[in-house]
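Visitor: Could you take me through this structure? I would like to begin with the core and then go on to the strands.

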Amino acid sequence: MIERLKKEVTALRANPKRAVVVLGGGVLVVAGLSVLWRNRSVETWLEVQPVELQLSVGASQPVSVSLMRKPRFRGRGGAESSQGTFQLISFPRAVDVAPTTLVTTGASPRAELKVTGLRAGEEELIFAGSNTPTDEPSWRTLSMRVVVVPASTQPGRR
């Protein structure tokens with residue numbers, strides 16, 4: 001085996017073009033394997049739209065929360081919204097969020113929540129989501145910032 005390897009190395013030294021092709025092929029194989037290794041596992045994470053929210057007292061705005069899932073051996077660009085269970089796990093005082101728990105389906109994987117400003121202030125809403133809620137390590141969390149500003153006074157009023 002060692003003798004055969006020595007003969008191959010000698011043959012490659014005698015033909016530099018072939019050596020470049022073999023070396024380039026080896027580099028491509030290693031690069032391809034490293035990409036596959038980095039993307040070997042399934043990933044899940046939460047995404048929220050909008051990321052930051054400003055509203056006035058009494059005003060409401062919808063917020064969309066999605067559980068994103070990346071299949072094996074694909075990049076994050078190949079991720080899609082997945083069905084799951086979503087919960088609001090913070091206890092905001094300046095806003096009301098409805099509903100606080102929502103289960104989505106494959107046909108409608110995005111959770112749509114309504115955020116209403118109750119009093120002026122700043123809140124951090126923390127959401128948790130999982131596609132297997134009975135499996136504790138599967139839960140993912142994400143927070144968003146909400147600023148509630150006082151309702152503007154109408155012209156002519158004091």
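**The core and the sheets**

Guide: In the largest nonpolar core, which has 20 residues, V65, V115, L125, F127, M144 and V146 touch the most other members. A nonpolar core here is a set of buried Ala, Val, Leu, Ile, Met, Phe, Trp, Tyr and Cys residues joined through side-chain atoms within 4.5 Å. Buried means under 20% relative accessible area, exposed over 50%, and partly exposed in between, with a 1.4 Å probe and protein chains only.

Visitor: Which strands each supply at least two residues of this core?

Guide: They are β1, β2, β3, β5, β6 (95-98), β8, β9 and β10 (140-149). Strands (E, at least two residues) and helices (H or I, at least four) are DSSP runs, numbered from the N terminus.

Visitor: Before we go on, what kind of model is this?

Guide: It is a predicted model, in which local features need pLDDT of at least 70 and side-chain atom pairs count only at pLDDT 80 or more, while totals for chains, interfaces and linings use all residues. Residues are numbered from 1 along each chain as its sequence is written, and side-chain values use heavy atoms, with hydrogens and water left out.

Visitor: Back to the core, then. What is M144 in contact with, leaving aside its neighbours within four places in sequence?

Guide: M144 is in contact with V48, P50, V51, L53, V63, E123, E124, L125 and F127. Contact means heavy atoms within 4.5 Å.

Visitor: Now the strands. In what order do the five strands of the open sheet come?

Guide: The order is β2-β10-β9-β5-β7, with mixed pairing. Two strands pair if DSSP finds at least two bridges between them.

Visitor: Why is one side of β2 and of β7 left without a neighbour in the sheet?

Guide: β2 (52-56) and β7 stand at the edges and each has a single partner strand, so one side of each has no neighbour in the sheet. Neighbouring strands of this sheet are turned by 20 degrees against each other on average, direction ignored. The axes are lines fitted to C-alpha atoms, for helices over the stretch in contact, and angles run from 0 to 180 degrees between N-to-C directions.

Visitor: How many bridges join β5 to β9?

Guide: Four bridges join β5 to β9 (residues 121-130), and the two strands run antiparallel. T85 stands opposite S130 in β9, and F86 stands opposite G129. On β7 (residues 101-103), β5 (residues 85-88) has three bridges, again antiparallel; there Q87 faces T101.

Visitor: And what does β3 pair with?

Guide: Strand β3 (residues 60-70) is joined to β1 (residues 43-49) by seven antiparallel bridges, with K70 as the bridge partner of E43. Six antiparallel bridges link β3 and β8 (residues 111-117), where P62 has K114 as its bridge partner.

Visitor: What about the chain as a whole? How many helices and strands are there?

Guide: The protein chain has two helices and ten strands, and from the N terminus the elements run α-α-β-β-β-β-β-β-β-β-β-β. Its radius of gyration is 27 Å, well over the 15 Å that the globule rule gives for 158 residues, so the chain is more spread out than a compact globule. That radius is taken over C-alpha atoms, and the globule rule is 2.2 Å times the number of residues to the power 0.38.

Visitor: What box do the C-alpha atoms fill?

Guide: Along the principal axes, the box is roughly 95 × 40 × 25 Å. Of the 158 residues, 27% count as buried.
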